[in-house]
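Biologist: I am new to this one. Please walk me through it, and keep it brisk.

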Amino acid sequence: MTDTTATTTGASRVHAVTAATDEDMRVLGRDLAALSRPGDLLILSGPLGAGKTTFTQGLGQGLGVRGSVTSPTFIISRIHPSLTGGPALVHVDAYRLGGPDEIDDIDLDMTLPESVTVVEWGEGVAEGLSDDRLEIRIERHPDDTRTVHLRPVGARWADIDLPGTAAGNG
């Protein structure tokens with residue numbers, strides 16, 4: 001995994017990280033798990049097959065949650081309790097949802113404060129859940145590498161050294 005760019009767009013930084021393999025996507029997820037805390041919202045976007053669920057598998061591994069992390073496409077939302085006393089992972093697939101009103105029907109506001117919540121296909125749907133969030137846009141290239149754009153939003157993520165950035169490489 002390598003850092004390709006770190007730019008400032010308006011009031012927020014956008015970091016682009018290259019992930020050459022599925023394992024790199026999982027490592028990025030595990031790295032972000034180490035920075036995550038209850039109440040965090042991660043919104044994932046990218047085309048079908050970009051690696052959203054692969055990233056979330058790594059996040060789940062890093063959080064030490066129970067159960068196999070698979071795409072919740074047909075059940076919409078799945079909760080993975082922690083095996084280590086940390087926050088649960090709430091994994092949502094908003095692909096079949098029609099908009100912000102339908103995401104409200106899932107009652108994520110009930111689990112958000114004590115969980116790390118990931119919303120796949122969440123762009124344009126889940127931003128209203130929290131003023132503080134990490135927006136993650138994944139581009140998959142013809143050679144199967146990915147560019148993962150990390151955009152911190154709000155005070156929670158303002159001073160965090162994100163994985164793949166010069167200060168966050170480890």
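**Salt bridges, fold and pocket**

Modeller: A network of salt bridges links E23, R26 and R30. Keep in mind that this is a predicted model.

Biologist: How many salt bridges does the structure hold?
Modeller: Side chains of opposite charge can pair when their charged atoms come close. Here a pair counts when a side-chain nitrogen of Lys or Arg lies within 4 Å of a carboxyl oxygen of Asp or Glu. By that cut-off, the salt bridges in the structure number eight.

Biologist: Does R146 count as buried or exposed?
Modeller: Buried means under 20% relative accessible area. R146 has a relative accessible area of 2%, so R146 is buried.

Biologist: With which residue of strand β8 does E135 pair?
Modeller: E135 also meets the side chain of R133 in a salt bridge, at 2.7 Å from N to O. The β8 pairing links distant parts of the chain, as E135 lies in strand β7 and its partner 16 residues away. The closest N and O atoms are 2.7 Å apart here, and the partner is R151.

Biologist: Among R133, E135 and R151, which counts as partly exposed?
Modeller: R133 has a relative accessible area of 12%, so R133 is buried. E135 has 17%, so E135 is buried too. At 31% relative accessibility, the partly exposed residue is R151.

Biologist: What span does helix α1 reach from its first C-alpha to its last?
Modeller: Helix α1 covers residues 22-35, which makes 14 residues. At 1.5 Å a residue, 20 Å is expected. The model comes close to that, with a span of 21 Å.

Biologist: Which residues of α1 are buried?
Modeller: The test is a relative accessible area under 20%. In α1, the residues that count as buried are D24, M25, L28, G29, L32 and A33.

Biologist: How many helices and strands does the protein have?
Modeller: From the N terminus, the order of elements is β-β-α-β-α-β-β-α-α-β-β-β. The secondary structure comes to four helices and eight strands.

Biologist: What share of the contacts with a separation of 6 or more joins residues 24 or more positions apart?
Modeller: Contact means heavy atoms within 4.5 Å. Among contacts with a separation of 6 or more, residues 24 or more positions apart account for 59%.

Biologist: Which strand gives the most to the lining of the largest pocket?
Modeller: The largest pocket holds about 170 Å³ of space. Its lining includes V14, E123, E135 and R151. Strands β3, β7 and β8 each supply at least two lining residues. With three residues, the strand that gives the most is β7.

Biologist: How many residues of that lining are charged?
Modeller: Asp, Glu, Lys and Arg count as charged. Three lining residues are nonpolar and two are polar. The charged residues of the lining number five.

Terms used:
Residues are numbered from 1 along each chain as its sequence is written. This is a predicted model: local features need pLDDT of at least 70, side-chain atom pairs count only at pLDDT 80 or more; totals for chains, interfaces and linings use all residues. Side-chain values use heavy atoms; hydrogens and water are left out. On a 1 Å grid over the protein atoms alone, a cavity is a set of points where a 1.4 Å probe fits but cannot get out, and a pocket is an open set with protein on both sides within 12 Å along at least five of seven lines; lining residues have an atom within 4 Å of a point. Grid points are joined across faces, edges and corners, and a volume is the space filled by probe spheres set on the points. The expected span of a helix is 1.5 Å times one less than its number of residues. Buried means under 20% relative accessible area, exposed over 50%, partly exposed in between (1.4 Å probe, protein chains only).
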